[in-house]
Amino acid sequence: MSFSVRASASPHAVSPHSADSPAAPTEADLLAFVRRTAADARLIASLPLDPQGRTWIRLEGPAGSEAWLIGWPPGTGTGWHDHGGSHGAFATATGQLIEQSLAARLPTEGWKVLELADGIDRERRLAGGDSRAFGPHHVHQVLNTSPERHAVSVHAYYPPLPMMRRYGRTGQVLRLEQVEWPQEWT
Ligand SMILES: [Fe+2]
């Protein structure tokens, strides 16, 4: 599991945050939010489900974070992507998701095709109630591999996603395919 280390301010430092600007949420804060929200049965049941594609509702995340409730029909997935330097957390509410990730930090700029080292692939299964946090350099894809069951999950990111890089993958070769900006998904 990839957790970033939170830079802690000196106890004598003046906080840069005012009452109008709450302190940035930690990974623990994001994790607590996605767990709590995934346990809200009424909210989860309010998400419309479409067998043809993913559905989503934007949520109010903690302390200015970006959050989403997402429905995943059987056989859908995100494709490989990063989160533009944001850290985040997600929790499965119903059904089951598979997360495939890379246990390596990729250079973020200056390449279009990258040969991945052997042995850096990771896979985890997140059933209802399971959750995970990830750091700002995390590259993954999330899939609902079930042949018949929808999955619903809750996701939170901080800072709000500035952009996402999308990758194509063939074997150990990763290709940068697209950079998506917030206006394309909000
Ligand atoms: Fe993601």
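In strand E10 (151-158), Ala 151, Ser 153, His 155 and Tyr 157 point one way, whereas Val 152, Val 154, Ala 156 and Tyr 158 point the other way, and all are buried. Strands (E, at least two residues) and helices (H or I, at least four) are DSSP runs numbered from the N terminus. A residue is termed buried if 20 or more other C-beta atoms lie within 10 Å of its own, exposed if 12 or fewer do, and partly exposed in between, with C-beta atoms placed from the backbone. Because eight of the eight residues of E10 are buried, this strand is largely enclosed by the rest of the structure. In a regular strand the side chains alternate between the two faces of the sheet.

The model is predicted; local features require pLDDT of at least 70 and side-chain atom pairs count only at pLDDT 80 or more, while totals for chains, interfaces and linings use all residues. Residues are numbered from 1 along each chain as its sequence is written.

E10 belongs to an open sheet of five strands, in the order E1-E2-E10-E4-E8, with antiparallel pairing. Two strands are taken to pair if DSSP finds at least two bridges between them. The edges are formed by strand E1 (55-60) and E8, each of which pairs on one side only. On average, neighbouring strands of this sheet are turned by 20° against each other, direction ignored. Axes here are lines fitted to C-alpha atoms, for helices over the stretch in contact, and angles run from 0 to 180 degrees between N-to-C directions.

Seven bridges connect E2 and E10 in the antiparallel sense. Within this pairing, Gly 71 stands opposite Val 152 of E10, and Trp 72 has Ala 151 as its bridge partner. E4 is likewise antiparallel to E10, to which seven bridges join it; here Thr 94 stands opposite Val 152. E1 and E2 pair over six bridges, again in the antiparallel sense, with Thr 55 opposite Gly 71. E2 is mostly covered, six of its seven residues being buried.

Helix H1 (27-38) lies across E1, E2, E4, E8 and E10, and runs at about 20° to E4. Its 12 residues should span 16 Å at 1.5 Å a residue, which agrees with the 16 Å between its end C-alpha atoms; the expected span is 1.5 Å times one less than the number of residues. The buried residues of H1 are Glu 27, Leu 30, Leu 31, Phe 33, Val 34, Thr 37 and Ala 38. Seen down the helix axis, these residues fall within an arc of 160°, so they line one face of H1; the arc is that of the directions from the axis to the C-beta atoms. They pack against helix H2 (41-45), E1, E2, E4, E8 and E10. The exposed residues Ala 28 and Arg 36 are carried on the face turned away from the buried side.

The largest nonpolar core contains 24 residues, of which Leu 30, Val 34, Ala 89, Ala 91, Val 154 and Ala 156 touch the most other members. Such a core is a set of buried Ala, Val, Leu, Ile, Met, Phe, Trp, Tyr and Cys residues joined through C-beta atoms within 7 Å. Two or more residues each come from H1, strand E2 (66-72), strand E4 (87-94), strand E8 (131-134) and E10, with E10 giving the most, six residues. Apart from this core lies another, of five residues, among them Trp 80, Val 139, Tyr 167 and Leu 174. Residues up to four places away in sequence aside, Ala 89 touches Glu 27, Leu 30, Leu 31, Val 34, Ser 131, Arg 132, Ala 133 and Ala 156, contact being defined by C-beta atoms, placed from the backbone, within 7 Å.

The peptide bond from Tyr 158 to Pro 159 is cis, with omega near -10°, and Pro 159 is found in the loop between E10 and strand E11 (164-170). In the hairpin of E1 and E2, which has five residues between the strands, Ala 63 takes a positive phi near 50°, although Ala 63 is not a glycine. Ala 63 counts as partly exposed, with 16 C-beta neighbours inside 10 Å. Most residues other than glycine have a negative phi, and most peptide bonds are trans.

Notes:
Contact = placed C-beta atoms within 7 Å.
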